[in-house]
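Thank you all for coming.

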Amino acid sequence: MRNENAGQIRIIEAVFAVFVIFSAFAVTANLPAAQNTSRSDNLSSVGLQVLMKLDSDGSLGRNLDQGHWTVLRECLTLAIPAGISFNMTVYDEQMHEVNTAVISNGGFGSQEVSFTEYVCASRDLTLNCYAIHLYLAVTQ
Amino acid sequence: MRKLNTFRANSSGQLLIVAALIIALMISSTTIYVYELNKGAGYSNSPAFTDFALSLKQSTRNAMIGALANASNGGTGAVLSENLNHFSDVVRRLNQFGVCNLTCSLFEDSVYDLGIWFSWNSSEVDVSGAYADFGLIVDGFASRVSVPYAINVTTSLAGNCSYVLEGTEKHVNVTCRLYNEGEPALAKNITVFYESGVDWIQTGGSTIDYGNGTYLINITAPFDTTQILLNVWDMRGILVQAKYALS
């Protein structure tokens, strides 16, 4: 009986060994990737750098305090490279939308839209903080 | 000999499984080790996170500038800590890279009080300053990143004063240089007062702006004036005050 079943047992053991090795691969492959960069990351970086540039002399916070949405749209149009669409929404600290006018240069034709979040602290004598959500997309 | 061969033949399957387990263990441990190494660096080296940290640093600076402008224009000394606590609350709501926590420590020494230093009317250089240390901690899924930084905001005014007595008046010349963080800076507004008894009288005069942070101010004051007072606001709204003796 033992000799008759020895072949099948060897096959089962070999299959089990293969299963053990592949399960190790399967488990380790599912660890989350530590870093992944994509084109949208680069676009997001462009957006953040533009907002930082506008905020470097406090003009971004001043325009937000005074509700100069048209000025902000023009500043973004000048600062963001040609061929990129933008749409900016400004929220107060309670995440209520503050901008009463659309701050955008048109619709998004691209499927790849990047998102940038920026916290702006105004230099006013009374501190006002805003959360800016800037969406960027490559115009097609 | 035959017994040994029989043992080898009977145990070869178990040995196969043990070998497979060892190999699986090696694969798992190597992969986890490499993963942990990457996790240590995490996204702290990624350009997106670097930009994020820089943007928070800039916003922190703006909050400090607003607080120093407030305090120098007559606000309370606690305004810096209030503003920074307020800003930390806002930062805590960010979750782009994980849960953000911004801690701040206001600088305290013999001249700084609650992170603010005013050295007015004291020497050749008058200063309004604010200094604080910060620690940004971001708890993400894959890693925990700590970014320490310090922010120093100063507006300083260096000047000298001379006068010429003509009849019953003194023609006073004040040359002053304004600096932001040690770099020449432009003034938004300058007002001049001369001392008259216990009062300070504002006077006009003329101001020459050299465009590089240097200003030449000419005023006329009564001959018994012993001091003049200068109020200078930089473009950020921070006030620095200087007194010059006419003796």
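Chain B has an average pLDDT of 87, and 90% of its residues score at least 70, where pLDDT is the predictor's confidence in each residue, from 0 to 100. This is a predicted model, in which local features need pLDDT of at least 70 and side-chain atom pairs count only at pLDDT 80 or more, while totals for chains, interfaces and linings use all residues. Residues are numbered from 1 along each chain as its sequence is written, and chains are lettered from A and ligands numbered from 1 in the order in which they are written. Among the elements of chain B, the lowest mean pLDDT, 72, belongs to helix α1 (residues 2-41), and the highest, 96, to strand β6 (residues 183-184); helices (H or I, at least four residues) and strands (E, at least two) are DSSP runs, numbered from the N terminus. For the complex, the predictor gives an ipTM of 0.72 and a pTM of 0.77.

Let me turn to the domains of chain B. The assignment gives domain 1 (42-154) and domain 2 (157-245), with bounds that come from an automatic or database domain assignment. The contact between them takes 15 residues from domain 1 of chain B and 11 residues from domain 2 of chain B, two residues being in contact if their C-beta atoms, placed from the backbone, lie within 7 Å. On the domain 1 side of chain B, α2 (47-72), β3 (125-139) and β4 (144-166) each supply at least two of the residues that touch domain 2.

Next, please look at the open sheet in chain B, whose four strands come in the order β8-β7-β11-β12 with antiparallel pairing; two strands pair if DSSP finds at least two bridges between them. Why is one side of β8 (199-203) and of β12 (239-245) of chain B left without a neighbour in the sheet? The reason is that β8 and β12 of chain B stand at the edges, each with a single partner strand. Further in, seven bridges join β7 (residues 187-196) of chain B to β11 (residues 227-234) of chain B, and T191(B) has N231(B) as its bridge partner in β11(B).

Finally, consider F97(B), found in the loop between α3 (79-92) and β1 (99-106) of chain B. F97(B) is buried because 21 other C-beta atoms lie within 10 Å, the cut-offs being 20 or more for buried, 12 or fewer for exposed, and partly exposed in between, with C-beta atoms placed from the backbone.
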